[in-house]
Amino acid sequence: MSKRDVFEYALLRVVPRVERGECFNAGVLVYCRAHSFVAARTHLDEAKLKALDPAADVPGVRAALRAVEGVCGGGEGAGQAAGDDAGRRFRWLIAPRSTVVQPGPVHTGLTTDPRAEAERLLDLLVR
């Protein structure tokens, strides 16, 4: 059996109208310290978004989700977090915020492959 490492994950929720509190899952953040790995996988269901808010800014929500992916990737795409390690970028992304894209609670698990885990969680919890 391969060695399994602890990983953490949080769902990315889209809250089109913050004052109403209605949301749906649009992505997952995965962090595994043992692999220095942090990644976001996203999938925006435009029909759900428009059902909750017919006037929703679809390109704006897509841009916000891409920004999360950029921070995870590090480098120039991470903006101010460019020099931070994977753990600091994950912690910054899971901080509570009152925006259209919000992180959910953090959960933990064990994995041999955090990259595959991100895809599995996206399929299981988002798509």
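**The sheet and what surrounds it**

Eight of the nine residues of β2 are buried, so this strand is largely enclosed by the rest of the structure; buried here means under 20% relative accessible area, exposed means over 50%, and partly exposed is in between, with a 1.4 Å probe and protein chains only. When I say strand or helix, I mean a DSSP run, numbered from the N terminus, with strands being E of at least two residues and helices being H or I of at least four.

Before going further, a word on provenance: this is a predicted model, in which local features need pLDDT of at least 70 and side-chain atom pairs count only at pLDDT 80 or more, while totals for chains, interfaces and linings use all residues. Residues are numbered from 1 along each chain as its sequence is written, and side-chain values use heavy atoms, with hydrogens and water left out.

Let me place β2 among its neighbours. The sheet is open and has four strands in the order β3-β2-β1-β4, with antiparallel pairing, where two strands are taken to pair if DSSP finds at least two bridges between them. At the edges are β3, residues 37-42, and β4, residues 101-111, each of which pairs on one side only. From one strand to the next, the twist averages 20 degrees.

Taking the pairs one at a time, β1 and β2 run antiparallel and are joined by seven bridges, and in this pair Glu8 stands opposite Tyr31 of β2.

Is Ser36 buried or exposed? At 59% relative accessibility, Ser36 counts as exposed.

A nonpolar core, as used here, is a set of buried Ala, Val, Leu, Ile, Met, Phe, Trp, Tyr and Cys residues joined through side-chain atoms within 4.5 Å. This core has 25 residues, of which Val14, Leu29, Leu44, Leu49, Val61 and Leu65 touch the most other members. Leu49, for example, touches residues including Val14, Phe24, Leu44 and Val61, not counting residues up to four places away in sequence, with contact meaning heavy atoms within 4.5 Å. Apart from this core lies another, of twelve residues, among them Leu11, Val30, Ala118 and Val126.

**A buried glutamine, and the cysteines**

Gln102 has its place in strand β4 and is buried, with a relative accessible area of 18%. Its side chain reaches the backbone oxygen of Thr99 at 3.0 Å. Gln102 also touches Leu11, Leu12, Arg13, Val15, Val18 and Arg97, again leaving out residues up to four places away in sequence.

Finally, how many disulfides does a search of the whole structure find? The search finds zero, with a disulfide defined as a pair of cysteine sulfur atoms within 2.5 Å. For Cys23, the nearest cysteine sulfur is that of Cys72, 19 Å away, and Cys23 counts as partly exposed at 40% relative accessibility. For Cys32, the nearest cysteine sulfur is also that of Cys72, at 14 Å, and Cys32 is buried, with a relative accessible area of 0%.

Methods. Axes are lines fitted to C-alpha atoms, for helices over the stretch in contact, and angles run from 0 to 180 degrees between N-to-C directions. A polar contact is a pair of N or O atoms within 3.5 Å; within protein, one must be able to donate a hydrogen and the other to accept it, and residues adjacent in sequence count only if both atoms are side-chain atoms.
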